[in-house]
Amino acid sequence: MNFGHYIIIEGQLEGGRFSCYSRLSGEHFVAQLMESRRNGTSGRGRTYPCPFLKNEPRSERYLCAIYPTRPNFCREFRCSHMDIFNSAGERVGRVGGKKSLLSKDRPLLTFWDREISPLATDDDQTWLPRAQSMLENAGYRVVRYE
Ligand code: SF4
């Protein structure tokens with residue numbers, strides 16, 4: 001999973017800086033291109049479409065060219081199954097690799113305990129779409145990572 005599909009460059013500023021918008025988190029941020037990584041080839045249009053993912057010259061490595069100023073969404077990413085957004089577009093929960101909910105949102109925690117936790121299956125192929133469907137029926141927007 002990468003988030004480059006969701007990062008929009010809104011404008012170029014002075015000094016190798018860009019004003020950007022993350023469609024996933026609704027976050028506006030200023031990205032500073034790293035001097036040491038500005039000469040790489042952009043990964044856009046290749047396997048990794050993020051405009052800031054650069055192919056290191058003469059290697060197979062791809063690096064984030066704005067690493068110190070990357071958006072919080074990229075910064076906070078851990079191996080996860082899904083992010084959960086409320087009707088206001090705010091991210092209110094993240095489902096970790098072991099299908100555990102990370103959230104401080106009381107309504108979501110209550111819904112999760114009452115409806116999702118009792119789902120009796122360990123099969124991800126079954127559990128994930130069922131959990132997603134139940135969350136969406138309850139008014140949440142779900143972004144899944146596969
Ligand atoms: S970490 Fe960097 S390269 Fe990866 S998606 Fe975020 S901004 Fe793009």
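Me: Before anything else, what is pLDDT?

Reply: pLDDT is the predictor's confidence in each residue, on a scale from 0 to 100. The term applies here because this is a predicted model.

Me: Which elements have the lowest and the highest mean pLDDT?

Reply: The lowest mean among the elements, 61, belongs to strand β4 (residues 41–42). Helix α2 (residues 106–116) has the highest, at 96. For the chain, the mean pLDDT is 82, and 82% of the residues reach 70 or more.

Me: Understood. How many helices and strands are there in the chain?

Reply: There are three helices and 10 strands. Along the sequence they follow the pattern β-β-β-β-β-β-α-β-β-β-α-α-β.

Me: In what sense do β2 and β3 pair?

Reply: Strand β2 (residues 17–22) pairs with strand β3 (residues 27–32) in the antiparallel sense, over six bridges. The two strands form a hairpin with four residues between them. Within the turn, Gly26 has a positive phi of about 70 degrees.

Me: And what stands opposite Cys20?

Reply: Phe29 in β3 does.

Me: Changing topic: which residues make up the largest nonpolar core?

Reply: That core has 10 residues: Met82, Ile84, Val92, Val95, Leu101, Phe111, Trp112, Ala131, Leu135 and Tyr140. At least two of its residues come from each of β7 (80–85), β8 (91–96), α2 and α3. A second, separate core has eight residues, among them Ile7, Leu53, Ala65 and Ile66. In soluble globular proteins, nonpolar side chains tend to be buried together.

Me: How much of the chain counts as buried?

Reply: Of the 146 residues, 20% count as buried.

Me: Now α3. Is Asp124 buried or exposed?

Reply: Asp124, which is found in helix α3 (residues 124–137), counts as exposed because it has 12 C-beta neighbours inside 10 Å. The cut-off for exposed is 12 or fewer.

Me: How far apart are Asp124 and Lys99?

Reply: Their C-alpha atoms are 8.8 Å apart in space, while the two residues are 25 apart in sequence.

Me: What span should α3 have?

Reply: The 14 residues of α3 should span 20 Å at 1.5 Å a residue, and the end C-alpha atoms are 19 Å apart, so the two values agree.

Me: Which residue with a positive phi follows α3?

Reply: Gly139 follows α3, and its phi is near 100 degrees.

Notes. Residues are numbered from 1 along each chain as its sequence is written. This is a predicted model: local features need pLDDT of at least 70, side-chain atom pairs count only at pLDDT 80 or more; totals for chains, interfaces and linings use all residues. The expected span of a helix is 1.5 Å times one less than its number of residues. A nonpolar core is a set of buried Ala, Val, Leu, Ile, Met, Phe, Trp, Tyr and Cys residues joined through C-beta atoms within 7 Å. Two strands pair if DSSP finds at least two bridges between them.
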